[in-house]
Structure formats: C-alpha cells, structure tokens
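Dear colleague,

Please find below the structure that I am handing over to you. My notes on what was found in it follow directly after.

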Amino acid sequence: PIWDVVLAPQKMTLAKLAESRGVRILFSGGDGKSVTEDTTLGHGYFSNFLIKALHEVRDPDGLLRFEKLSQFVKENVAEATEHRQQPDEPPTVASGNPWVVGQMAARRAFVVGINQYKFTEPSVDKTNSLEIVHTLKGAVSDASLMEALLKTAGFEVTRTPDAIQTADLKTEFEKFAARLLPSDIALFYFAGEGAMQDQEAY
C-alpha cells in the first residue's frame, strides 16, 4: 500500500531502535589515563572527533550506529594524539544494534561543561590545608559546541551552569532522568575532569 511505502523509513527506524537493549558508554580515555586538549582547536580531542562523528558517520536513513561512532572516535583520537590518548568502551550489559540518533523518538540530552575545579590537600608540614584551583581551557566551549550541534539535530538540551557544584549537578541530572520515557533517546555529555590525584587530572 502507498501508506506503507510512505512510512517505510520510519518503520525501519523503529525496528532498529527496538533491537537495542541496555547501555553503551564511551569514555574519552582509558581507566586511570590522562586525556588532553588540542590547543589549536580550543577543546579536547575526544569532543572534536565526537562532533565530527555526529556529522559524518550517519547511515542513509539518518541513524547513527554506536559501533560506527565508537570506531570513528577511537581511531581518530588515537591517531591525532599518537596513541597517547585512547577512548575506551567499558564492558556493559547491552544487546542488539544500538543507535544513537533516531527519527521518531524524542531526543533529550544532558550537557555539562566545567572548566574550574577547586580542591584541598594537606600542606607539606600537615598543619593546615591548601586550596588548589585547577582550570581547563576548553571544557565549557566543548559543551557549548555539543549543545548547539545537538539542538540542530533535534535534541531537547538541558545545559547545566558552568560552575555547578556536585550536589546540584546530581539533583539536576535526577530531574532530567525522571522526565525520560522508555521510548526516548537520551544522551549524557560531560566535558571536564573526572578526578584529581597528586595534582594530576584524569
């Protein structure tokens, strides 16, 4: 029937989305490894190639397969950094053929970019604590680029303030998660530092 022909792409999209189960995660670097910013670009290598992937590696029906995105980002980041930085996909419980961007599901994204970090550590003589401020240059701009790109791709974007505190970030994310429906496509993007140890960022 003509109706089926008209709806064929949408039906195919729904069928592919229905195949996916579980969660897939791609980190900017391996466990315990440092990640780097590209000073010429003004943001991180990972974000740079993730944005390129969202533009360049979609299938003809408009969908972006997670495996294609992951492979593109891993290969390009490793090459650009001479293998000093290698994005990592940890083991997760997932099956089917995950798709990142679909045509008929509501798309919602939670975007975080934090440049400045404050932490304390004991002084050399252990008598008091020192406040140390560590500042990135490109995390906020990474998040802004991602926010703009996701909006053009039809995502409803929740963007947190640049100087948000951990407790507030948790609260905002819980609000975001509570609004999600089973049929939604949800994307979480974080640009910044995961942890600090011995004044080294990870």
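Does Ser-47 count as buried or exposed? Ser-47 counts as buried because its relative accessibility is 5% (buried means under 20% relative accessible area, exposed over 50% and partly exposed in between, with a 1.4 Å probe and protein chains only).

Please note that this is a predicted model, in which local features need pLDDT of at least 70 and side-chain atom pairs count only at pLDDT 80 or more, while totals for chains, interfaces and linings use all residues. Residues are numbered from 1 along each chain as its sequence is written, and side-chain values use heavy atoms, with hydrogens and water left out.

Ser-47 is part of helix α2 (helices are DSSP runs of H or I with at least four residues, strands runs of E with at least two, numbered from the N terminus). Leaving aside residues up to four places away in sequence, Ser-47 touches Asp-142 and Tyr-189 (contact means heavy atoms within 4.5 Å).

The axes of α2 (residues 45–56) and α4 (residues 139–152) come within 10 Å and cross at roughly 10 degrees (axes are lines fitted to C-alpha atoms, for helices over the stretch in contact, and angles run from 0 to 180 degrees between N-to-C directions).

The loop between α3 (66–80) and β4 (94–95) holds Glu-82. Phi of Glu-82 is near 55 degrees, a positive value in a residue other than glycine. Glu-82 is exposed, at 62% relative accessible area. His-83 lies in the loop between α3 and β4 and has a positive phi of about 70 degrees.

Yours sincerely
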